[in-house]
Amino acid sequence: MKKVYRDFFFHFDIMAMFIILVAFGSYVLYQGVNAFTLLALFLGMGLYAFLEYVTHRFLFHMKPPKNLFFLKLMKRLHYDHHIEPTNLKLLFLPVWYSLPFAVVLSSAAYLITNSLPLTASFVMGLTAMLLIYEWKHYVAHVSLKPTTSFGRWLKKTHLLHHYKNENYWYGVSNPLFDIVFGTLKDEKDVPTSSTAKDLEGRDRVAQ
């Protein structure tokens, strides 16, 4: 069991995000916490939760690109994860994806707020929610049993996404946007997909 926790907390991509969280958190605490910094924190968390759903559904499950470079990119980001769901090398979002993503969003936040403390708090929210996402995703694929019924339900729905039908249950850290966009279904009402483990093969099936 110690190895299960060690594999998560000492994974390079996870450690990098923790360092960013601590660095920005330290800056925010030094500048002073107030209602506005807390609001920025929660906005960052909420935005990441929304983007988690949107990127998973529309980017990671996009039609396989014809361009070889972009196809390899998608294979690393998600396609191969469906082939090997428990492979840790494919499980976590790589830093080369997460960091540019965070830079773009934090730059937009600074342009809107013109405030470094508010931007730092916003980045904290993004990073904290990313780490929550990564933990929930990790738990779904390893031999850890969540302690709460909600956690066990989240794990079950994510495994349904992998082994039942890849077109539903996109939320990993939360089901909110699956509810909003109609992709949260009773498993009995969803047919088993032949391409749940082969996202690249959807074109062949369609033909």
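Mentor: Before we start, helices (H or I, at least four residues) and strands (E, at least two) are DSSP runs, numbered from the N terminus. This is a predicted model, where local features need pLDDT of at least 70, side-chain atom pairs count only at pLDDT 80 or more, and totals for chains, interfaces and linings use all residues. Residues are numbered from 1 along each chain as its sequence is written, and side-chain values use heavy atoms, with hydrogens and water left out.

Trainee: What pattern does the chain follow along the sequence?

Mentor: Count the elements: there are 10 helices and zero strands. Read in order, that gives α-α-α-α-α-α-α-α-α-α.

Trainee: How much of the chain counts as buried?

Mentor: Buried means under 20% relative accessible area (1.4 Å probe, protein chains only). Of the 207 residues, the share that passes is 48%.

Trainee: Which element gives the most to the lining of the largest cavity?

Mentor: On a 1 Å grid over the protein atoms alone, a cavity is a set of points where a 1.4 Å probe fits but cannot get out, and lining residues have an atom within 4 Å of a point. The largest cavity holds about 100 Å³ of space, and its lining includes Tyr 48, His 56 and Phe 101. Two or more lining residues come from each of α3 (35-59) and α6 (95-113). With five residues, the top giver is α3.

Trainee: And which element supplies the largest share of the lining of the second largest cavity?

Mentor: That cavity has a volume of about 60 Å³, and Arg 76, His 81 and Pro 94 are among the residues lining it. α4 (68-83), α5 (88-91) and α7 each give two or more residues. The largest share, four residues, comes from α4.

Trainee: Where does the largest share of the lining of the largest pocket come from?

Mentor: A pocket is an open set with protein on both sides within 12 Å along at least five of seven lines. The largest one is lined by 13 residues, with Trp 135 and Lys 136 among those nearest its centre. Both α7 (116-141) and α8 (149-163) supply at least two lining residues. Four residues, the largest share, come from α7.

Key:
Buried means under 20% relative accessible area, exposed over 50%, partly exposed in between (1.4 Å probe, protein chains only). Grid points are joined across faces, edges and corners, and a volume is the space filled by probe spheres set on the points.
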